[in-house]
Each structure stands twice: as C-alpha cells, then as structure tokens.
Amino acid sequence: MKMLAFWRRAGKDRFVEGPLGRFDVSNAGTIASIEQLAAMRPGYLRTLGAAFSVESLSDRLVPVQLEDQTVAIFSQAAYVGSDQADELVRRILSAGHKLATPERYVLARSLLLALVRGQVTAESLGGLPRHSLASSRPALAAAFQDLVEWGVRHGASDIHLNVHLAEPNSEVNYTISGRYVAPECFRGMPTSTLLDMLSVAWMDIRGGNGSVFDPMREQQGSLTLHIDGKPLLLRWSSMAADVGPSVCLRLLSRSMRACSSDLDSLGYMHDQLAQIRRAMISESGAVIFSGTVGSGKSTSLAALVSGLPSHRKVITLEDPVEYLIPGAIQNTLVRNLDTCSHDVFAAKLRSLRRSAMSDVLLGEIRDIETGRAFMDLVGSGVNVYSTVHAPSAAMIPVRLSSGFIAVPADFLATPGVLRLLVFQVLLPRLCDECALPVLGSEARLVAGDEGVRGITWQAWLELVRQLYGRSLCKVRIRNPEGCQACRQDGLSDLYGYRGRTVAAEIIEPALSWSPQRSAMESAVLKALDGQVDLRDVESRFHAFETEKMMRVARKRAAGGAS
Ligand SMILES: [Zn+2]
C-alpha cells in the first residue's frame, strides 16, 4: 500500500502518456555474479536511485547509469516485469534518458544490495579506465606489501583481513606461534582502504575463482610476492561472513627451509625420531601425517622427504609446492573450485606412472581423486608420503576410508600399505631466558587463573602430579612480561614464548594399532621438562580435570566389560 501511495505521489504528472505494453521478461539480461557485472559492456557506472527518488524500492529494483550514459534497471527476478519496473521505465524516458539494451537486468538480491549500499562500485569492479583505484594502485599494492612484510618479519603463518562493511574501520590480525594476535600498528585500518587493497591484491592471483575480488563470495587462489628478494607464496582463502569478507592469507615461504637435519629440530622425542628413522629404512607403503591446519604437518613431511638418500628418485605432487626440496622433482597442482582441472591431474598421474620413481610426496589426500592416486601409487609399490586431516593417528585410516576419500578399508588393512601414521600439534615453546619455575610462582598465577577455573592453583598442580606421577620441579610457566630475547614489538600476547615445538603420537601398524604415547602425553612430558606451559597443553587438548574424568570413565567401562 505504501508503495502505491508513493507511486501516485511521485511524478504522476511526468509519466509518459500512452501504453508501453507489457515488458517481456524473457528479454531481460541476467547478471549472476560480480564478474559478469564487471564484464558487462557498456560498463556499469552508478546507481540512480537517489536521482529518481526511488531509494525505498532499492532492495527490489534500482535504475543504473551505464558508461554510454544509457539507463537500465537492475532488479530482483520477481520484480523485473512488475508495475513498479514499468513505471520506472516511463520515468526514465520522461526525464530525457535513453534506455539501455536490454533495458532490464535480473540480479541476485545480495548483489543488488551490495550495489545500492555502495559496497560494490565501478571503482571496485576494476578495469575501468578512469577510476581512482587505477591511480592509487601502486600505493595500495605497497600497503599490502607492508602488511605481508610485517608478517614475515614476525614469523607469522597467516594474515587475517577481517572487513566490517558497516564499520569505518576493519581488523588486521596475524597468526604468530599459533596465536591469533592484532598488532598495534595496524589498528584502525579504514574499511574502504582495506577493501581497495584486497581488490588490488586479487589482480595478481593465479588459479583463483573469479577475475575480480568479490566480497560476497568465497574465493581461493594464490599469489607470489617478493620479500627481501625472496619469493613468498600466499594462499588466499576468503569467507563471505555476515559483517563482510574475511580473507585469510597463508604465508608459504619458498626458501630452502626444509633439510634433513630439520626433523631433529621440530620437537619429536628421541624414541619417536628413532621410530620414524626405522620406518624410513623399509621400502614401499605410506607414511601419513595428520593434524589440524597449522600443525606443521607439511613442514614435517618436507623435512622427512629432504632426508631421503640421493639414490632414490623423488617426485612431488603438491597444491601448491610449500617447500623447495633439494633433489626432488616438484610439481604444483593448483586445483580450484571453478575450473575443471581433473584432466590435468589425470595426465600428471599417467606420466608419473612412467617416471620410474621410488618415492612420491602427495601433498594432501583430501578427496576421491587424491584417494585414487594414493591407492594407485601405493598399490604399485611406490613409497608414498602424504598428509590428511584427522584428529588422531588412529583416525587416519578411518578418514581415508570415509566417503570423502573412499579408499577401501581392506586395502588400508593390507600389511605394508600403511607404514607409519603420525598425528601432531604445534605448541608454543617457552622462552629459555625468562620462563618462571612453577613452584614458587603460585602467588603470581592465582590472580590470573583461579577465578576462571574454579580450582586453586595448588589443587591443579597436585592433580597434574597425581595424573602423571612425576615431580614438578622442572615445570616452568610463561613469563607474561617477557625479556629482551622474546619480546616482539606490540605483541604482548607472545611475550615469554620463542618458537614452537611438535607434540606427536605415532602408530606403526606393523607393531600395533595404538600409539605408545598419545600426543597429549608427549605434550605433558614436554611441560614436565620445562619446554612448554602446562596451560597451553590444556588449551590444545583438554583440561586435566577432564583427563581425570576420562580415566575414571575408561576404568568403569573396562570394569563393566569384564
Ligand atoms: Zn624471554
């Protein structure tokens, strides 16, 4: 009703007289994506909702001006043939404008809203000759380079650019030593600058879905920057969140970081290193690392493969190549959501079979296609090294035989197919210079922790002592003030930490299907040795109170079964 009143009131006297006839909806154009909008010719220039005083309709239809000065109507599908659209055409003509061909386009509501709200503009669509983004492109590219450089200098693994479309400022965060931190120097980043920066950065994306950065859509791709003369690969992954796009950039150094001696320095315990080395001597079968994102599994894999003797021919199939491995023939296989690259993968695999190699690093087994490649290679007697997302070593075969990957369980159970299964996490390592002995630090800790936990600090320590039956004399905790050695500018969240260390569990299926020691037990041993903070062990696995209850429950279940 309100709408009718509006149409009667506004410019009734200026309507073109005479019937125009009904608009044939099949003549309407369709703009299904932001790329199609960017690609339309003549190009999109601006909305004219305000000029025609029809802002109140703008979530359904809006008049827009194109580059050749003609006017079109962008509309939701349901309104493209509506009376309102017909009236709007009359008003466009009566105001002396020329109608575009086609005169009406159907757009998705989200895209229509993005245009009306100014979140997508001719500038942000890029490619137009005279827009401001082109003139400021070098400045925006330099600002983006600064963000990435800062991350590299501080050892970040990821950069998170969280755009809040409705706020003047947006967030820049980094993952450093496994922690999500917001440095002081990038607080208050203007939202418009960040959006423009992302549009400019996306222009250099390879293998991405979409020719332009689209805040309304999930996008993936990768780009290479040079930092201090060294190539750095960034893997781009964006999420269209409710408040705006959230872009996560994973920093993948392409320098020779992985070498044989690295396996020792990653943090495996002596017996675990011996186990890995022993498994490497035997030939055929698969070594598979698992863990969550950022658990260092790719690093471990590269270190392992780097240590293979030079008389073995090593080929890698990665998406993308994360580390340069001396002596290996590395292949990047970028597979994305939009382009059909199955043929490329199949062709690679065919030539791989004729390559007479002994060892293959298969970056990740994550779908039916890589699952088949895994079976094919292992079945032909090649040594395979790979990663998979799984929450424990025992879950690796479960994950591989799930519907997503579909490697038959009886194939996996065949002796010799699975040689070694590793699950790992990365924990922040305490700074050796300033970590505090836990005994004697009670007063300092009570204020910070007891209120939240509902257990006294002393009771908590006693619980750890009981659960693991060890002395706490070597246990140390993080010094939140840090020292010269571990302070990073503006990152008080990381004071007291230096680097990270692996806590792992390993299954050798030839011996047993359960690990000698769980990853949590490995982490606790490291804490008892003063290398990591006990509280970080809890936050990565579960609380010691939970551990106690789990043990009671297990005991009860075992008692009930017998
Ligand atoms: Zn320190």
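What follows is a short chat about a predicted model.

Reader: What kind of model is it, and which pLDDT limits apply?
Author: It is a predicted model: local features need pLDDT of at least 70, side-chain atom pairs count only at pLDDT 80 or more, and totals for chains, interfaces and linings use all residues. Residues are numbered from 1 along each chain as its sequence is written.

Reader: Sheet first. What is the strand order?
Author: The order is β1-β5-β4-β3-β2, five strands in an open sheet with mixed pairing. Strands (E, at least two residues) and helices (H or I, at least four) are DSSP runs, numbered from the N terminus. Two strands pair if DSSP finds at least two bridges between them.

Reader: Which strands stand at the edges?
Author: β1 (29-31) and β2 do. Each has a single partner strand, so one side of each is left without a neighbour in the sheet.

Reader: And the twist, what does it average?
Author: It averages 35° from one strand to the next. Axes here are lines fitted to C-alpha atoms, for helices over the stretch in contact, and angles run from 0 to 180 degrees between N-to-C directions.

Reader: Which strands pair in the parallel sense?
Author: β4 and β5 do, over four bridges. β3 (residues 61-66) pairs in the antiparallel sense with β2 (residues 44-47), over three bridges. β3 also pairs in the antiparallel sense with β4 (residues 71-75), over five bridges.

Reader: What stands opposite glutamine 65 in β4?
Author: Valine 71. Glutamine 65 is also the bridge partner of arginine 46. Valine 71, in turn, stands opposite leucine 99 in β5.

Reader: How many residues lie between β3 and β4 in the hairpin?
Author: Four. Glutamine 69, in that turn, has a positive phi of about 70°.

Reader: Now the core. Which residues touch the most other members?
Author: Phe74, Leu198, Val305, Phe374 and Val384, out of 127 residues in the largest nonpolar core. Strand β18 (residues 418-430) gives the largest share, nine residues. A nonpolar core is a set of buried Ala, Val, Leu, Ile, Met, Phe, Trp, Tyr and Cys residues joined through C-beta atoms within 7 Å.

Reader: What is valine 384 in contact with?
Author: Leaving aside neighbours within four places in sequence, its contacts are Ala286, Val360, Leu362, Phe374, Leu377 and Val378. Contact means C-beta atoms, placed from the backbone, within 7 Å.

Reader: Which residues of α12 are buried?
Author: Thr370, Gly371, Ala373, Phe374, Met375, Leu377 and Val378. Their cover includes β13 (285-290), α11, β16, β17 (383-388), α13 and α14.

Definitions and conventions. Buried ≥ 20, exposed ≤ 12 C-beta atoms within 10 Å, placed from the backbone. Contact = placed C-beta atoms within 7 Å.
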